[in-house]
Amino acid sequence: MYQYDLIVIGSGPAGRRAAIQAAKLEKRVLVVEQGRRVGGVSVHTGTIPSKTLRETALNLTGWRERGFYGRSYRVKQEISAEDLRRRLLITLDHEVEVLEHQFSRNRVHQLRGRASFVDPHTLDIEKTDGEIVRVTGASVLLAVGTRPYRPPHIPFDNDAVLDSDELLEIKRVPRSMIVVGAGVIGIEYATIFSALDTQVTVVEPRDSMLDFIDKEIVEDFTYQLRDRNMKLIFGQAVEAVQREEGGGKCRVTLKSGRTLQAEMVLFAAGRVGATDSLNLAAAGLEADNRGRLKVDPETFQTAVPHIYAAGDVVGFPSLASTSMEQGRIAARHAVGVPASEPPQYFPYGIYAVPEISTCGLTEEEVLQRGIPYETGIAHFRETSRGHIMGLDTGMLKMIFSLKTRRLLGVHIVGEGATELVHIGQAVLNLKGTVEYFVENTFNYPTLAEAYKIAGLDAWNRMGEGPKEAPVATGQSTDTAADVPSDTKKKAASK
């Protein structure tokens with residue numbers, strides 16, 4: 001009846017994982033991508049480019065060695081935009097080649113063009129040469145991602161006033177930069193350019209940043225940023241952005257009347273779903289005011305049961321990692337194959353300088369639930385590996401239930417945070433207790449030894465627990481209030 005079992009719009013993390021999953025189940029799959037190359041936002045303007053830029057900046061500046069050789073130490077004295085772009089292009093080419101090969105060997109059909117609904121099962125694909133191809137599918141997955149929010153009063157010029165996509169094409173490394181927005185994207189780029197010795201000022205209308213992260217971690221992170229002379233202005237919104245005539249400096253006027261000047265302005269105050277060209281009304285769908293789609297958190301079905309949505313277009317947590325899992329689950333459900341539930345505990349990684357990563361409940365959430373708890377903290381400078389690496393910052397925090405002694409949350413700021421968090425994630429999923437960290441041996445010297453230090457820190461205040469046999473997984477006596485929130489509840493609260 002239909003040409004395809006599943007039509008996937010978008011080839012980012014959610015789209016590509018969904019397409020390959022359905023193809024491996026021997027279904028007829030079509031991927032529609034409007035960009036010149038597959039990969040979506042993640043490969044071309046988001047996850048991969050920003051993390052590549054970060055790694056390049058840290059390597060060329062010698063950032064990781066400054067603990068030993070001083071803040072003036074640099075691997076390359078003059079770092080140009082071309083230096084930053086060279087590694088980026090190599091990385092992107094490799095990512096695209098891998099993805100093209102995955103589609104080819106799994107017999108996934110591809111079309112380049114802009115998709116729009118004709119009816120709930122039919123789409124028109126407008127190719128770059130103007131030709132329109134009509135396709136039908138039993139199910140459709142919308143994995144179109146997001147694009148930067150560009151309010152009309154900001155004079156973007158793709159030179160000195162930029163959004164986060166345009167930032168990757170800069171022609172020079174600025175001496176000074178104002179970043180509007182202290183969300184994940186704004187903070188990541190602000191800290192990367194600060195590592196390049198650009199004088200960075202961050203402006204955020206809210207009174208704080210990264211509110212979903214444990215407050216103690218954010219406080220430590222904020223201290224590190226201010227210690228290296230980054231200026232953080234909270235509680236003040238931007239009234240206007242202007243550029244001096246003749247290509248001069250940019251002037252940012254705040255609603256308080258204060259004015260700021262810099263060579264470059266990055267506007268990173270949110271993103272919107274790329275759904276406006278899909279003609280959603282023809283499919284019986286409607287996006288919210290930010291272009292996002294509401295879905296069933298178990299199946300990722302929209303209001304129209306055979307149309308699914310996954311990835312950034314469905315909102316929080318907007319991570320490449322969770323998008324992949326959402327796409328896989330949606331594809332399996334779409335083709336009638338049983339799918340596991342979405343992961344209960346997922347790690348959230350912020351690739352700033354320094355990194356932040358978190359999994360489970362924050363201390364604020366534990367307090368809100370009224371759970372008696374204890375915390376354990378380890379500073380990276382307490383570990384031998386930290387000494388070897390020259391680290392004088394970085395910390396790991398764990399939260400344990402006093403009643404069940406189970407790990408409730410793990411929160412890390414510092415070098416390697418996004419790698420280290422997976423140990424805590426595993427213990428969370430396996431309902432492990434503080435005794436796991438106290439009684440097990442960690443490689444020495446490693447940063448992972450911080451888990452042992454933090455575990456002992458908490459255990460020393462909690463005292464020894466009962467010597468009963470551990471409760472089998474799935475038979476825990478914990479009350480519902482004593483269990484970390486699952487992905488769905490945490491997403492709904494943000």
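Me: Buried means under 20% relative accessible area, exposed over 50%, and partly exposed in between, with a 1.4 Å probe and protein chains only. Why does S323 count as buried?

Reply: The relative accessibility of S323 is 4%, so S323 falls in the buried class. A quick note on the source: this is a predicted model, in which local features need pLDDT of at least 70 and side-chain atom pairs count only at pLDDT 80 or more, while totals for chains, interfaces and linings use all residues. Residues are numbered from 1 along each chain as its sequence is written, and side-chain values use heavy atoms, with hydrogens and water left out.

Me: Which residues does S323 touch, not counting those up to four places away in sequence?

Reply: They are P13, A14, G311 and D312; a contact here means heavy atoms within 4.5 Å. S323 itself lies in helix α8, residues 320-334. Helices (H or I, at least four residues) and strands (E, at least two) are DSSP runs, numbered from the N terminus.

Me: Why is strand β22 called largely enclosed by the rest of the structure?

Reply: Seven of the seven residues in β22 (407-413) are buried, so the strand is largely enclosed.

Me: Which strand pairs with β22 over five bridges, and in what sense?

Reply: Strand β19 (residues 356-360) does, in the antiparallel sense, with G360 standing opposite G409.

Me: What makes β12 and β14 edge strands?

Reply: The open sheet has the order β12-β13-β14 with antiparallel pairing, and β12 (238-243) and β14 (259-262) each pair on one side only. Strand β13 (residues 250-254) and β14 share four bridges, and T259 is the bridge partner of T253.

Me: What is a nonpolar core, and which residues are joined in one?

Reply: It is a set of buried Ala, Val, Leu, Ile, Met, Phe, Trp, Tyr and Cys residues joined through side-chain atoms within 4.5 Å. The largest one has 51 residues, and I7, I9, L123 and L142 have the most contacts inside it. Helix α1 (residues 13-24) gives the most to this core, with six residues. A second, separate core of 48 residues includes I170, F221, L266 and A352.

Conventions:
Pairing = 2+ DSSP bridges.
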